[in-house]
Number of protein chains: 2
Amino acid sequence: MSESVSKQAVVTMRWREGCLEMIDQRILPARFEYLAYRSAAAMAEGIRAMVVRGAPAIGCAAAYGVALEALALAGASRAEFDAGMEQAFTILAASRPTAVNLFWALKRMRTVWHEGGHRTGVELAAALLAEAHEGLAEDIRINRAMGAFGAELLADGARVLTHCNAGALATAGHGTALGVIRSAVEAGKRISVIADETRPFLQGARLTAWEMVQENIPVTLITDNMAGHLMSLGEVDAVVVGTDRVAANGDVANKIGTYMVAVLARRHGIPFYVACPLSTIDLAIADGGAIPIEERAVEEVTGFRDCQWAAKGVKVRNPAFDVTPAELVSGLITEKGVVPEPNRQRIRELFSLA
Amino acid sequence: MSESVSKQAVVTMRWREGCLEMIDQRILPARFEYLAYRSAAAMAEGIRAMVVRGAPAIGCAAAYGVALEALALAGASRAEFDAGMEQAFTILAASRPTAVNLFWALKRMRTVWHEGGHRTGVELAAALLAEAHEGLAEDIRINRAMGAFGAELLADGARVLTHCNAGALATAGHGTALGVIRSAVEAGKRISVIADETRPFLQGARLTAWEMVQENIPVTLITDNMAGHLMSLGEVDAVVVGTDRVAANGDVANKIGTYMVAVLARRHGIPFYVACPLSTIDLAIADGGAIPIEERAVEEVTGFRDCQWAAKGVKVRNPAFDVTPAELVSGLITEKGVVPEPNRQRIRELFSLA
């Protein structure tokens with residue numbers, strides 16, 4: 001279903017008439033369409049194919065995938081219900097490996113399922129749907145809180161470089177990195193954005209640029225390899241990015257190319273911030289070396305969609321993420337405040353806050 | 001004229017029946033076609049539109065542009081000949097601003113013209129065509145000499161990252177950076193190449209990958225933002241790139257993104273070499289800050305050819321080159337030998353060699 005895009009807030013996913021509708025982010029900005037999801041298997045495929053992407057959005061979508069399966073199974077026997085649910089969790093967990101929010105959301109849904117052992121299928125399905133709804137609402141609250149803390153880090157007039165899309169489209173709304181920018185703009189600061197196009201999936205050119213244009217926030221698009229040049233010209237005041245998983249020591253996994261931006265920012269004395277809800281911090285991972293890095297299809301690198309330009313016969317690497325060591329991170333912007341120069345100790349303290 | 005591509009050496013440009021034929025590098029590797037050039041104006045447009053690109057190739061092509069104009073004017077009066085030639089030099093000099101080889105080649109052609117004041121138009125045209133031919137032959141000799149010096153820097157088994165295309169297609173043949181790789185392979189070393197795709201014009205994906213596949217040299221394609229990740233995994237042993245202009249202090253202008261690669265290489269202790277014929281060193285430019293950087297069309301960044309993907313309304317920057325400071329350069333590979341850690345003194349000494 002194609003619809004005109006309002007200048008209102010981007011609604012990445014919405015519950016309508018028993019199904020979850022998600023903007024098809026593969027075809028933005030050429031077309032703005034919602035796709036309807038009715039099962040865990042369809043949702044897992046939507047996540048794998050990047051109809052929805054961005055760590056927090058993937059977490060929210062996976063929760064709805066579980067809820068959809070529970071609704072479909074609500075009338076089944078308890079054994080059938082439990083077997084179907086187990087299968088749903090398995091297929092959703094296998095959709096993408098790097099973003100920890102996926103596993104965090106599935107864990108929350110599993111808790112609701114297991115704690116509801118005495119309930120009927122219908123009651124359980126209702127509880128799981130309510131939990132998915134709560135995940136969505138909570139994500140927006142958290143992004144607003146991060147935005148408020150992060151906005152204080154940006155000066156009036158700041159030119160902020162970002163990589164990939166950590167915007168409303170990557171979350172339930174407002175965004176993580178772009179949430180910081182939005183909150184700064186709402187606070188009256190004049191912010192302009194420099195968007196890395198972010199090959200190979202072009203989230204910067206297609207999604208970040210689109211979100212900023214929708215809201216009349218000045219945005220300049222560059223290819224990924226121009227960031228260093230602009231920094232050397234003194235045209236970048238700060239970097240803000242999102243993340244798919246942060247290790248216990250503060251190492252940051254994020255979209256491929258983030259590491260390059262961090263190294264360049266350090267060379268030029270430009271602060272490098274990571275907008276990071278606590279759900280993205282994985283205390284079970286000691287450091288970034290242990291974060292699984294997804295390798296995606298060859299065709300993403302040899303071209304873009306139907307436009308294939310590379311020489312035939314060339315081999316390809318396509319790691320979707322890289323790891324930025326904690327020492328290059330000026331601060332983690334979380335919903336509980338900013339963690340400057342994150343390390344194991346400071347991250348542990350963050351989780352001990354009320 | 002479309003032709004099958006042999007596995008023989010790539011012939012970027014060739015003189016045939018009174019015109020210069022050049023491979024149309026805009027459409028490689030999808031189609032392999034030569035375009036015929038018969039005037040300075042057509043040649044200037046071919047350079048501007050990047051039918052031919054790469055600093056040494058641009059220099060050779062511009063020389064032929066002058067020769068073609070002289071041939072067309074050979075029967076004219078001396079006043080007409082001189083006026084036409086002046087116009088040819090002006091239009092060719094305005095085709096692209098960054099590569100110094102263009103201006104260096106035009107200066108050589110101007111010298112032949114001015115020193116031939118006593119000759120007939122026919123004699124002058126013949127002399128100018130001979131000079132263009134000599135420029136082509138000399139470029140290959142120089143690339144072979146650079147290749148021999150550079151090959152000694154690469155260990156057997158080396159995995160060499162390169163950015164853009166500094167291959168046969170960027171020169172009269174053999175290539176500068178890829179010439180070093182070819183010479184190492186000819187010397188019996190097992191070399192594998194990692195090719196940055198090199199947005200926005202995709203010279204790496206289209207041209208470097210194509211050249212290497214033609215010669216069965218193992219080549220792996222990555223997006224530009226993956227270079228740092230592969231370095232952090234220990235998968236890159238050396239970097240070799242070409243250059244469009246080197247300042248008197250050793251600062252290197254080359255395709256946008258080269259600076260980023262150099263910064264990453266330094267962080268990881270990986271040697272960063274620049275293959276650089278003496279004709280690319282501009283002693284009149286004190287440092288890289290004074291090298292003019294071309295800004296190209298918006299449509300190159302918002303997509304690729306007819307494939308346009310960026311959000312409408314976004315602003316764009318499109319600098320075609322950046323400057324790598326000399327302190328990040330491990331060595332300049334020239335036809336007179338390797339200049340380690342180049343600086344003003346060492347470059348001056350290079351030119352004082354016999």
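How exposed is Val338(A), by relative accessible area? I looked this up and found Val338(A) partly exposed, at 31%. I call a residue buried under 20% relative accessible area, exposed over 50% and partly exposed in between, using a 1.4 Å probe and protein chains only.

**Ground rules.** I am working with a predicted model, where local features need pLDDT of at least 70, side-chain atom pairs count only at pLDDT 80 or more, and totals for chains, interfaces and linings use all residues. Residues are numbered from 1 along each chain as its sequence is written, chains are lettered from A and ligands numbered from 1 in the order written, and side-chain values use heavy atoms, leaving out hydrogens and water.

**Aromatic pairs.** I counted eleven aromatic pairs over all chains. Rings of Phe, Tyr and Trp (its six-membered ring) pair if their centres lie within 6.5 Å; planes under 30 degrees apart are stacked, over 60 edge-to-face, and the rest tilted. I looked at Trp309(A) and Trp309(B): the ring centres are 6.1 Å apart and the planes stand at 45 degrees, so this pair is tilted. The pair crosses between chains, and each Trp309 sits in the loop between β13 (307-308) and β14 (315-316) of its own chain. Both Trp309(A) and Trp309(B) are buried. Next I checked Phe32(B) and Tyr34(B), whose centres are 5.7 Å apart with planes at 85 degrees, so I noted them as edge-to-face. Phe32(B) and Tyr34(B) are buried too. I also found one aromatic cluster formed by Phe304(A), Trp309(A), Phe304(B) and Trp309(B).

**Charge over a ring.** I took this to mean NZ of Lys or CZ of Arg within 6 Å of the ring centre and within 35 degrees of the ring normal. Arg110(A) lies over the face of Phe89(A), 4.5 Å from the ring centre. In chain B, the charged end of Arg206(B) sits over the ring of Phe201(B), at 4.9 Å from its centre.

**The sheet.** Strands here are DSSP runs (E, at least two residues), numbered from the N terminus, and two strands pair if DSSP finds at least two bridges between them. I traced an open sheet of eight strands with mixed pairing, in the order β17(A)-β16(A)-β10(A)-β7(A)-β4(A)-β5(A)-β6(A)-β14(B). β17 of chain A and β14 of chain B stand at the edges, each with a single partner strand, so one side of each has no neighbour in the sheet. Val338(A), from my opening question, is in strand β17 (residues 337-340) of chain A. Further in, two bridges join β4 (residues 159-162) and β7 (residues 238-241) of chain A, which run parallel. There I found Val160(A) opposite Ala238(A) in β7(A).

Notes
Helices (H or I, at least four residues) and strands (E, at least two) are DSSP runs, numbered from the N terminus.
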